[in-house]
Amino acid sequence: MSELKTKVVNEALRIEEDVDHSARSHFNAGNRWKKYHYTIGLPSALAVALSGGAYIGEETVLALILAAVSTALTTTLTFLKPSEKSELHKSAGNQYLKLRNQTRIFREIDLEHSFDEDFAKKRIKELGEIRDDLNQNSPSISRKDYKQAKKDIDEGRSTHRIDNKE
């Protein structure tokens, strides 16, 4: 293998590893925000329903308390927008997976069957730029989400069966 081909393959492997960690981190963040959405939204809906029942039953104080709780929870949902954040992270995770797949196909198929130096240099730069753009434009992830992603990857939860050569 030529020195350039080795460098291109190594860079492709780096991109694949980077985006695998990023994708999993975003999926973890998306799941966390989805839990926040349900944790806040369900009690809010229950509180408003119960406040209506309390009002009908002429339990005015209880109705006011439950309405206030519902208002506070709904305001929190509106401010935090956990459902929206969950979807943003899911979308980012999917974009990272798309890049990982494109990079793997480039490395395992395009580079294996013919090696055109100009094409290889151009394509690896394009893939690197896509990764950089995703890193710059994706929502932030927490350290906890990253650590869980790293743990999952280290335990083999990110590998296709075909790639497990044990």
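**Contacts, core and overall form**

Analyst: To begin with a single residue in this predicted model, Ser51 is in contact with Ala63, Leu66 and Ala67 once its neighbours within four places in sequence are left aside.

User: Is Ser51 buried or exposed, and in which helix is it found?

Analyst: The relative accessible area of Ser51 is 10%, and buried means under 20%, so Ser51 counts as buried. As for its place in the chain, Ser51 is found in the helix that covers residues 3-56, which is H1.

User: Which residues does Ala63 contact, leaving aside its neighbours within four places in sequence, and in which helix is Ala63 found?

Analyst: Ala63 is buried, with a relative accessible area of 6%, and its contacts beyond four places in sequence are Ser51, Ala54 and Tyr55. The helix that holds Ala63 covers residues 60-80 and is H2.

User: How far apart in space are Ala63 and Ser83, C-alpha to C-alpha?

Analyst: In sequence, Ala63 and Ser83 are 20 residues apart. In space, the separation of Ala63 and Ser83 from C-alpha to C-alpha is 28 Å.

User: What is phi of Glu58 near, and where does Glu58 lie?

Analyst: Glu58 lies in the loop between H1 and H2, and at 69% relative accessibility this residue counts as exposed, since the cut-off for exposed is over 50%. The phi of Glu58 is positive although the residue is other than glycine, with a value near 60°.

User: Is Lys81 buried, partly exposed or exposed?

Analyst: Lys81 lies in the loop between H2 and H3 and has a positive phi, near 50°, in a residue other than glycine. The relative accessible area of Lys81 is 42%, and because that value falls between the limits of 20% and 50%, Lys81 is partly exposed.

User: Which element gives the most residues to the largest nonpolar core?

Analyst: The largest nonpolar core has 14 residues, and those that touch the most other members are Val8, Ile15, Leu99, Phe106, Leu111, Ile124 and Leu127. Two or more residues of this core come from each of H1, helix H3 (82-113) and helix H4 (117-137). The element that gives the most, with six residues, is H1.

User: What does Phe106 touch, not counting residues up to four places away in sequence?

Analyst: Phe106 is one of the residues that touch the most other members of the largest nonpolar core. Not counting residues up to four places away in sequence, Phe106 touches Val8, Leu111, Phe119, Ala120, Arg123, Ile124 and Leu127.

User: Which residues does Ser22 touch, not counting those up to four places away in sequence?

Analyst: Ser22 is found in helix H1 and is buried, because its relative accessible area is 16%, while the limit for a buried residue is under 20%. Beyond four places in sequence, the residues that Ser22 touches are Tyr96 and Asn135.

User: Where is His160 placed, and which residues does His160 touch, not counting those up to four places away in sequence?

Analyst: His160 is in the segment after helix H5 (143-154), and with a relative accessible area of 38% His160 is partly exposed. His160 and Lys150 are ten residues apart in sequence and 16 Å apart in space, C-alpha to C-alpha. Not counting residues up to four places away in sequence, His160 touches Arg100 and Arg104.

User: What is the radius of gyration of the protein chain?

Analyst: The secondary structure of the protein chain comes to five helices and zero strands, and the C-alpha trace spans about 85 × 35 × 25 Å along its principal axes. A compact globule of 166 residues would have a radius of gyration near 15 Å, whereas the protein chain has 24 Å.

User: Among contacts between residues at least 6 apart in sequence, what percentage join residues at least 24 apart?

Analyst: Of the 166 residues in the protein chain, 31% are buried. Among contacts between residues at least 6 apart in sequence, those that join residues at least 24 apart make up 85%.

User: How far apart do the centres of the positive and negative side chains lie?

Analyst: The protein chain has 27 positive and 26 negative side chains. The centres of these two sets lie apart by 3 Å.

Definitions and conventions:
Residues numbered from 1 in each chain as written. Predicted model: local features only at pLDDT ≥ 70, side-chain atom pairs only at ≥ 80, totals over all residues. Heavy atoms only, no water. Helix = DSSP H or I, 4+ residues; strand = E, 2+ residues; numbered from the N terminus. Rg over C-alpha atoms; globule rule 2.2 N^0.38 Å. Buried < 20%, exposed > 50% of the residue type's maximum accessible area, 1.4 Å probe, protein only. Contact = heavy atoms within 4.5 Å. Lys, Arg positive; Asp, Glu negative; His and termini not counted. Charge placed at Lys NZ, Arg CZ, Asp CG, Glu CD. Core = buried A, V, L, I, M, F, W, Y, C linked by side-chain atoms within 4.5 Å.
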